[in-house]
Amino acid sequence: MTNKYTFHHLHMRNNTVARLLPAAMLAIFCQTSANAQEKAPAERQSRNRMLEEVVVTATKRAENLQDVPISVAAFSGDMLAAMGVDDPTDLQAITPGLTYNSATGFSIVYLRGVGTDAFLMADPSVATYIDGVYYPFSSGLAQSFGRVERIEVLKGPQGTLFGRNTTGGAISITTEKPNIEEFYGSIEASYGSFDTKKASGLINIPITDHWATTLAVFHNLSDNYYTFDSDSIQQGIPEEVAKGYRLKTMLAYDNFDILLAAVRIDQSGFNTALAPNTNPSSLTASLGGEKQARNHTASVDAPINFDIDNEVYFAEANFRLNYFDSKLILSKQSLNNPKSLTDFDGTNAPIIAFGSPTFSDVKTAELQFISNEDSWGSSWLEWIGGFYYIDSVAGLDPKFSLFGGEQGDVLGIPISDVLALLPAPLSNLLNSVPLTGGVNLGLHGLLSTESSAAFLQTTFKLTDWAELTLGGRYQEEERIVLKSSTQILSGNDSETTLFDWANDGVGDTSVESTNFSPKVALNFYPSDALMIYLSWQEGYKSGTFNTINVTDDIDYAEPEDVVAYELGAKYSNSNGFTLNGAIFQTEIENIQVQFSSLLNGGAVTFENAGAARIRGIDFDSKILVFPSLVDDLVFSLSGAYLDAIYTDYKNGSGFDEETGIFVGGQDFTGNRMVRTPEYTATMAISKTFMFKPGPLEVTVDGYYNSGYPYQAQNTLFFEEEYYLINARASFLIEEWDLRITASGKNLNDAVYAYSQFPNDFGRLEALAPPTNYSLALQWNF
């Protein structure tokens with residue numbers, strides 16, 4: 001078994017181990033110098049990139065993946081490149097049990113059946129960390145991130161070390177730190193289907209023996225893969241644009257280092273705001289809305305736009321003291337989405353358009369104390385503890401444009417007749433105002449959060465073959481509704497307040513909560529090649545308020561509580577075979593659910609499902625096939641089975657199966673949980689051929705998804721079974737350190753959705769791209 005204490009000591013003092021490179025969601029641009037670090041030709045001949053060992057920080061310290069008693073799917077940058085992963089939504093195709101959706105630019109992530117579709121004014125259940133910094137907002141995370149050096153998908157609750165809102169797990173991305181030892185860089189350019197053009201660069205400059213700076217930039221342009229028919233108000237297709245930079249500078253000495261970083265990303269285009277209506281409700285049909293084909297064509301009556309600006313500044317300081325190490329991470333994040341607009345009915349009828357400007361300001365701080373090889377009892381005791389703080393203000397200022405027809409009608413139907421189709425209180429509200437040319441509603445929502453926590457986790461080495469881990473995290477939190485109101489907007493942009501829920505409503509506008517999340521685990525090592533672990537842990541997701549109601553008071557979603565049991569094993573040998581697997585059961589109480597229905601009194605409403613239970617098994621394996629007969633032929637197979645049901649979900653919200661109109665008070669107990677496929681699997685085969693100029697790598701992979709419901713009622717809104725086939729060929733010219741890669745995705749042209757967005761007007765779907773190809777060049781220097 002690897003000596004973890006020695007490994008950690010080497011990691012903290014050896015920069016070659018610490019080069020854990022470019023970024024994901026906030027570093028689309030960070031094309032790395034990974035190839036600049038490739039092994040010498042003699043070593044490369046005996047290895048395939050799919051077999052790389054991965055160093056992870058799932059326990060807040062650097063360890064080999066096979067030594068970590070947690071279920072983790074970890075991928076180095078080279079492995080991701082070999083599998084063709086350059087977008088967060090691609091992660092689900094290489095991580096069975098993970099569902100990564102995107103709706104109107106918001107990420108919706110489920111892992112082992114635990115997640116939330118409450119993406120407006122609520123926290124994700126699968127947290128995203130980049131460089132150790134927690135990102136509480138989900139808008140803009142589902143974007144292309146280029147090639148990264150390492151991504152870790154931590155499965156199951158991570159409440160002790162990663163804290164609030166990790167009831168389903170965490171996705172952790174580590175970007176490259178400046179290297180004081182050498183000058184290097186990389187340049188990459190690619191061209192692909194839909195006139196996709198990408199360019200990026202990275203340079204690392206050692207300025208002195210103790211000071212280095214890294215700069216990464218990117219600029220991506222692409223046409224959208226959707227087209228518009230002749231009836232659509234929008235005919236031109238704006239380019240999908242993503243551009244930005246990441247700047248890091250670091251001072252490094254023997255006993256401490258300090259890192260400062262600035263990141264900016266600007267993105268515009270359609271994203272997933274373009275979502276045609278493929279199953280209109282009877283309300284939509286009565287107003288002239290037509291069913292859209294489930295292909296990559298659309299007809300809309302409102303211009304579509306998604307525009308997001310994101311800035312992040314963070315600092316990290318590491319101190320290596322005599323008896324322990326310490327780390328301080330500070331961050332300031334701001335997100336602004338000022339121009340989001342979507343056709344809320346998804347048809348070419350002038351019914352309703354929806355804009356959802358989003359803004360968020362977040363400050364975080366984390367102080368860690370970590371035992372090292374000089375700590376007291378280091379031969380039998382390993383520990384980590386610390387404190388965490390977050391202060392955030394997040395807001396939405398959505399606007400609805402209803403009934404956009406001229407002369408006070410909708411497709412020739414008098415508005416008074418249209419209002420008769422709508423249930424009270426919405427029809428009463430609209431009857432009270434003049435609607436000659438339609439009506440514009442403005443909503444204001446602003447929510448503040450302040451939370452602090454203390455955590456400690458210890459691992460006791462009981463014998464040479466057994467360890468006991470005990471951990472816990474205590475958290476205090478306060479959430480306050482600062483704004484929640486409804487306005488009528490006039491033509492000169494003036495506002496007339498109809499409801500001021502934050503000041504005049506009868507519901508609560510603030511809540512204080514405390515929580516303690518414990519963990520107990522036993523780890524056994526029957527041999528150097530095998531680890532077995534058994535764990536029990538709890539997780540907690542903060543309660544939250546819905547602040548963007550139309551005619552309803554403020555909703556409060558109760559906190560979620562999760563208890564998880566897991567039995568897992570990890571096996572690896574010197575012949576290139578690894579097999580990791582786990583069986584688990586997760587029990588959830590007070591599941592936070594978001595429901596979008598104007599007819600139910602709000603743009604969205606929140607409710608809590610009583611309880612759910614998830615039982616499952618997942619595994620991943622890799623094997624070097626017939627190594628005595630064939631060089632560098634690697635086969636990998638991963639899979640997950642999830643039996644996920646609501647054990648208590650009474651008084652739930654849904655839509656009538658025949659009309660598609662809102663219906664409340666339904667009992668969904670016993671139904672399947674949303675966005676959770678019963679079976680998922682991925683398979684890949686990769687072969688490296690050696691030629692005089694360098695290696696040629698060929699990889700083919702497939703992904704299978706058995707399908708899942710988008711709503712707890714399990715009807716109307718469903719992702720059908722589908723599978724994907726992808727292939728890549730990559731040739732490295734070693735003398736020039738130039739890599740040429742040709743790739744094809746979705747070669748079987750499967751039709752499936754990035755996400756569905758159910759609402760009063762039907763099933764709005766943003767489909768994933770059809771078959772597409774690309775050619776990329778990467779030069780490292």
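These are my notebook entries on a predicted model.

**Entry 1: confidence**
I began with pLDDT, which averages 85 over the chain, with 87% of the residues scoring at least 70. Over residues 1–46 pLDDT stays under 50, and the model has 163 contacts beyond four places in sequence for them. Residues 405–410 also stay under 50, with 14 such contacts.

**Entry 2: the core**
Which residues touch the most other members of the largest nonpolar core? I found Ile151, Ile171, Leu274, Ile352, Phe400, Tyr646 and Met673, out of 143 residues in that core. A reminder to myself: nonpolar side chains tend to be buried together in soluble globular proteins.

I then picked Met673 and set aside its neighbours within four places in sequence. Its contacts include Gly113, Ile588, Ile591, Ala612, Ile614 and Pro709. Ala644, Ile645 and Tyr646 are also among them.

**Entry 3: two positive phi values**
Asp632 has a positive phi of about 55 degrees. I located Asp632 in the loop between β37 (602–624) and β38 (633–648). Is Asp632 buried or exposed? With a relative accessible area of 5%, Asp632 counts as buried, because the cut-off is under 20%.

Asn746 is not a glycine either, and its phi is positive, near 50 degrees. Asn746 sits in the loop between β46 (738–745) and β47 (753–759). Its relative accessible area is 4%, so Asn746 is buried.

Technical notes. Residues numbered from 1 in each chain as written. Predicted model: local features only at pLDDT ≥ 70, side-chain atom pairs only at ≥ 80, totals over all residues. Heavy atoms only, no water. Core = buried A, V, L, I, M, F, W, Y, C linked by side-chain atoms within 4.5 Å. Buried < 20%, exposed > 50% of the residue type's maximum accessible area, 1.4 Å probe, protein only. Contact = heavy atoms within 4.5 Å. Helix = DSSP H or I, 4+ residues; strand = E, 2+ residues; numbered from the N terminus. pLDDT = per-residue confidence, 0-100.
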